[in-house]
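This report covers a few local features of one structure. Please keep the sequence and the model open while reading.

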Amino acid sequence: MSNEKDANDPPTEDPEEPDESGVGTPDPTGNGEDARDDGARAPADDGVDEPDDTGDPASDEEAVADDPTDPDNSDEVWDDGIVVDDGPGPDDAGAGREEATGATSEGVTEANEGGDIDELGSSVEVEGADIDEDPDEDDLLGGLKIDTTAELEIPDRLVDQVIGQEHARDVIIKAAKQRRHVMMIGSPGTGKSMLAKAMSELLPKEELQDVLVYHNPDDGNKPKVRTVPAGKGDQIVDAHREEARKRNQMRSLLMWIIIAVVLGYALIIVGQILVGIIAAGVVYLVFRYLNRGSDAMIPNLLVNNGDTKTAPFRDATGAHAGALLGDVRHDPFQSGGMETPSHDRVEAGAIHKANKGVLFIDEINTLDIRSQQHLMTAIQEGEFSITGQSERSSGAMVQTEPVPTDFVMIAAGNLDAMENMHPALRSRIKGYGYEVYMEDTIEDTPEMRRKYVRFIAQEVAKDGRLPEFSADAIEEVILEAKRRSGRKGHLTLLFRNLGGLVRVAGDIARGEDAELTTREHVLQAKGRSRSIEQQLADDFIERRKDYELQVSDGYVVGRVNGLAVMGEDSGIMLPVMAEVAPSQGPGEVIATGQLKEMAQESVSNVSAIIKKFSDENISEMDIHIQFVQAGQQGVDGDSASITVATAVISALENVGVDQSLAMTGSLSVRGDVLPVGGVTHKIEAAAKAGCTRVIIPQANEQDVMIEDEYKDMIEVIPVSHISEVLDIALEGEAEKDSLVSRLKSITGSALKEGGVSGPSSPSPQ
Ligand SMILES: Nc1ncnc2c1ncn2[C@@H]1O[C@H](COP(=O)(O)OP(=O)(O)OP(=O)(O)O)[C@@H](O)[C@H]1O
C-alpha cells in the first residue's frame with residue numbers, strides 16, 4: 001500500500017481519531033510502506049537483519065505496527081529478528097487495570113471500554129455498616145451503627161470518594177466521556193484537584209501512547225517524533241540499546257583482530273615493535289571514532305506510559321515555560337564529536353506528558369500570557385513541537401516535529417483567576433467544555449453526615465499512620481464541620497482544612513500510642529490546629545488588652561465595638577470612633593482605616609440615614625469616622641454599617657454608647673439591618689475581648705454555632721432595624737427614647753416584620 005507521507009510530515013495520527021489499532025505511526029521513511037496495514041507482514045527472511053543504522057525509526061514503526069487487536073499476535077517479530085513482548089492488548093487491558101489498581105469496581109473497566117459512564121453519576125452511599133434509615137436529628141453519625149471508622153469501606157475509585165460537589169462530580173464524569181475541558185472555580189480545598197485526578201482514572205487507558213524522539217540524519221536540529229502504544233517505547237529503546245551493544249561488540253572484536261594482525265606483522269615481518277604500537281593506536285582511534293555515533297541512534301523515550309496504571313494526570317500549577325511546554329537542554333560542546341545529539345536533549349513538558357490524560361492547572365491566571373497562548377495552541381492543534389525555551393541556549397536552535405498533546409485540561413482557581421485569564425483561553429474552555437462553581441457548604445442531612453463519616457475514614461486510610469476514629473471523635477469532627485459552614489443546617493465543604501483537623505487529632509492520638517482517636521484528641525486538635533489568621537486574631541486581642549485599647553465596660557460617646565473576620569475562620573473586635581466638627585468648607589464624611597470599595601460604599605449608605613436624621617445642618621459639618629487600628633489589611637465589606645451609624649449618631653447627639661456591647665450588621669438606606677458573614681467567629685471574638693452582649697442581624701440568628709465555652713459568656717441579641725440597635729446601645733433612657741422614635745419616624749422599615757433573610761455577605765468584614 002502506498003503512503004504519500006514525507007519523512008517530515010507530522011508523524012502522529014489525528015489525536016481526535018486514533019486509528020483502530022491505537023498505534024497510529026505513519027511511515028516516517030517516506031518509502032511508501034504503510035506498516036499499519038501490513039498486518040500479514042512476514043518476519044524478515046533471515047531474521048538477522050542489521051537494525052537501521054541511520055536511526056530511522058521506520059523499523060521500529062513496523063515493529064509496533066502489527067495489529068495489536070489480533071489475539072493470535074501475542075508476540076511480535078521484528079524484521080531484524082528481535083522478539084518483543086506484545087504487552088497488554090485491549091483484551092488484557094481490563095485485567096491490567098484491575099491488577100494494577102487492585103480495583104474491584106467494574107465501573108473502571110466499564111468506563112474504559114466506553115460503557116455507559118452516565119450510570120456512574122449517582123454518588124456512592126456509605127458501605128460496610130448497618131444504617132438506621134430514619135435517624136434522630138441529633139444523631140451526628142446519620143444513622144450509621146459503627147464504633148470506629150475501621151468498619152467503613154472506602155470506594156476504590158477516587159470519583160466515588162468525592163463528597164458533596166455533586167454537580168462538579170457529574171460534570172467530571174460527563175467530561176471524561178466526551179473528552180471536554182473543564183474550568184472549576186471555587187474556594188481552596190474543596191476538591192478541585194481531587195476531581196481532576198478522579199477524571200484521569202475515568203479516561204480510557206487503552207489509548208495511552210509512548211512518545212519517542214529520534215535523531216534526524218537529514219537535519220540534526222529537527223528530531224523526529226514517533227508515537228507507539230504505551231509500553232512499546234521501553235521495548236524499542238531496549239532493543240536499540242541491545243543492537244548498539246552487539247554492534248559495538250562486533251566492532252571491538254574486529255578491532256582487536258586488526259590490532260593483533262598489525263602488531264604481529266610489525267613484530268614478526270618488519271621487526272619494528274614501535275611502528276606496530278603506533279599503527280595499533282591509529283587503528284584503535286579509527287574504531288573509537290566509528291563507534292562514536294552508535295549511541296546517537298538510540299531513540300529518546302520522551303513520554304513513557306509503560307507503567308502507568310491510569311491515564312496520566314499532570315499538575316502544571318505554577319509551572320514555568322519549560323516545565324509546561326517542554327525544553328531542549330543546552331549543549332556546551334556543540335560540535336567536534338563531543339556533542340550530545342539534539343534528540344537526546346529534548347525534554348517533554350506537562351502538556352506532552354498529559355497526552356491522552358488530564359492536565360490540571362490551578363490558579364491558571366498566574367501563567368504568563370505567552371504560556372497561556374502556547375497552551376491554547378496545544379489545545380487547538382492537539383500537538384506541539386518542543387524547542388529550547390532559553391533564547392541564548394543551543395537548545396533554541398532545535399525544534400522537534402510536533403509531539404501529541406491530546407489532553408483534557410482542567411483549569412481551576414478562584415473568581416480572580418477567571419477574570420485575569422487570557423480571554424481566548426477562557427472562551428476556548430467555555431465553547432468546548434464545562435464551567436463549574438464549587439460549593440462551600442452543603443445541606444446537613446443524615447445521608448451527608450454518613451458521607452462525612454466516610455470522609456474521616458478516607459483521610460485516615462490516606463494517611464496510613466493515624467489510629468482509627470472512635471464514634472465520639474467522629475461526632476466532634478462533624479460538629480466542627482457544622483460550625484465551620486457558618487450556616488445553620490449546613491456542613492462545610494472546605495475539606496482540606498477539615499482533613500487537617502483529622503490529621504492533627506490522629507497525630508495527637510498516635511503520639512500518645514492510643515489505640516483510637518477519641519473526642520478528647522479532636523478537642524485538643526481544635527486548639528492546636530489554629531490557622532495563622534486565628535493565631536493573629538488572638539494575638540491582636542491580647543495586645544489590645546495590654547494597651548487598654550479594648551474597652552468593654554462603661555459608656556463612651558462616639559465609640560462602638562465593631563466586629564470583623566480575618567481569613568475564613570477568625571474574628572476580631574474592631575472599634576469604630578466618630579467625631580463631628582464644624583467644617584471650613586462644604587461638610588464631608590471622612591472615613592479612615594484603609595477602607596476598601598465596599599466599606600466606602602457602606603459609609604455612604606450610612607450617611608444617607610444620618611443626613612435625614614440630624615437636627616443640625618450637617619452640610620456645615622465634617623464627620624470623621626475612624627476604624628481604629630484596622631491594620632494594613634484594611635476593612636472590606638459592609639458588615640460594620642450599623643457600627644458606623646451608631647458611632648456617628650452617638651457623636652452627633654453626644655450620647656454615650658455601651659462598651660460592654662459589640663455589634664455587626666449591614667444596613668439598608670432605610671435602616672433595616674441586613675445579614676452578614678462570619679457571625680459565629682465574630683460573637684466568639686466579642687466574648688474573648690470581654691464583651692457581655694453582642695448585636696447581630698436577625699437573619700443571621702440561625703447561623704450562630706458558638707462553642708459551648710462562650711455560650712455563658714455572652715448574650716446574643718438579634719435585631720432587624722437600626723432603631724433597635726440604638727435602643728440597646730445608647731445611654732440614658734430619656735435621650736435614647738427620643739432618638740429612637742425620631743429614627744423610627746424618618747426611616748420606616750422597607751422590609752416586612754421579622755427582619756430579613758438572604759445570603760450572607762460574601763465579604764463579611
Ligand atoms: N469533595 C471532597 N470530598 C472528599 N475529600 C475532599 C474533597 N475535597 C477535598 N478533599 C480532601 O482535601 C484534599 C485537598 O483537596 P484538593 O487538593 O482537591 O482541593 P483543591 O480544591 O484542589 O484546593 P486548591 O485549590 O487549594 O489546590 C484532598 O486530597 C482530599 O483529601
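## Annotated active-site residues

Ser639 sits in the loop that connects strand S23 (621–627) to helix H20 (641–653). This is a predicted model, and in it Ser639 is buried, with a relative accessible area of 0%. The UniProt record, an unreviewed entry, gives the feature "active site" at Ser639 and Lys682. These positions are spread over 44 residues of sequence, yet they cluster in space, with a largest C-alpha distance of 10.8 Å.

Lys682 belongs to helix H21 (residues 679–688). Is Lys682 buried or exposed? Its relative accessible area is 0%, and since buried means under 20%, Lys682 counts as buried. A polar atom of the Lys682 side chain lies 3.3 Å from the backbone oxygen of Gly677.

Strand S20 (residues 559–566) has 8 of its 8 residues buried, so the strand is largely enclosed by the rest of the structure. In a regular strand, side chains alternate between the two faces of the sheet. In S20, Arg559, Asn561, Leu563 and Val565 point one way, while Val560, Gly562, Ala564 and Met566 point the other way. The residues of both sets are all buried.

Strands of a sheet pair through backbone hydrogen bonds, in either a parallel or an antiparallel sense. With strand S21 (residues 570–582), S20 runs antiparallel, and 8 bridges join the two. With strand S25 (residues 661–663), S20 pairs in the parallel sense over 2 bridges. Which residues stand opposite Asn561? In S21 the residue is Pro575, and in S25 it is Ala662.

## A sheet of three strands

Another part of the model holds an open sheet of 3 strands in the order S7-S6-S8, with antiparallel pairing. Strand S7 (224–229) and strand S8 (300–303) stand at the edges; each has a single partner strand, so one side of each is left without a neighbour in the sheet. From one strand to the next, the twist averages 35 degrees.

Strand S6 (residues 209–214) and S8 run antiparallel and are joined by 3 bridges. Leu212 has Leu301, in S8, as its bridge partner. Helix H7 (residues 232–270) lies across S6, S7 and S8 and runs at about 35 degrees to S6.

## Aromatic pairs

How many aromatic pairs does a search of the whole structure find? The search finds 3. One of them is formed by Phe455 and Phe495, whose rings are 4.6 Å apart centre to centre. The angle between their planes is 45 degrees, and the pair is classed as tilted.

Phe455 is in helix H14 (residues 446–463) and Phe495 is in helix H16 (residues 495–511). The two residues are 40 residues apart, and their pair links distant parts of the chain. Both Phe455 and Phe495 are buried. Ring pairs also bring in Tyr452, which forms a cluster with Phe455 and Phe495.

Technical notes
Residues are numbered from 1 along each chain as its sequence is written. This is a predicted model: local features need pLDDT of at least 70, side-chain atom pairs count only at pLDDT 80 or more; totals for chains, interfaces and linings use all residues. Side-chain values use heavy atoms; hydrogens and water are left out. Two strands pair if DSSP finds at least two bridges between them. Helices (H or I, at least four residues) and strands (E, at least two) are DSSP runs, numbered from the N terminus. Axes are lines fitted to C-alpha atoms, for helices over the stretch in contact, and angles run from 0 to 180 degrees between N-to-C directions. Contact means heavy atoms within 4.5 Å. UniProt positions are given in the numbering used here, feature names are shortened, and annotations may be inferred rather than shown by experiment. Buried means under 20% relative accessible area, exposed over 50%, partly exposed in between (1.4 Å probe, protein chains only). A polar contact is a pair of N or O atoms within 3.5 Å; within protein, one must be able to donate a hydrogen and the other to accept it, and residues adjacent in sequence count only if both atoms are side-chain atoms. Rings of Phe, Tyr and Trp (its six-membered ring) pair if their centres lie within 6.5 Å; planes under 30 degrees apart count as stacked, over 60 as edge-to-face and the rest as tilted.
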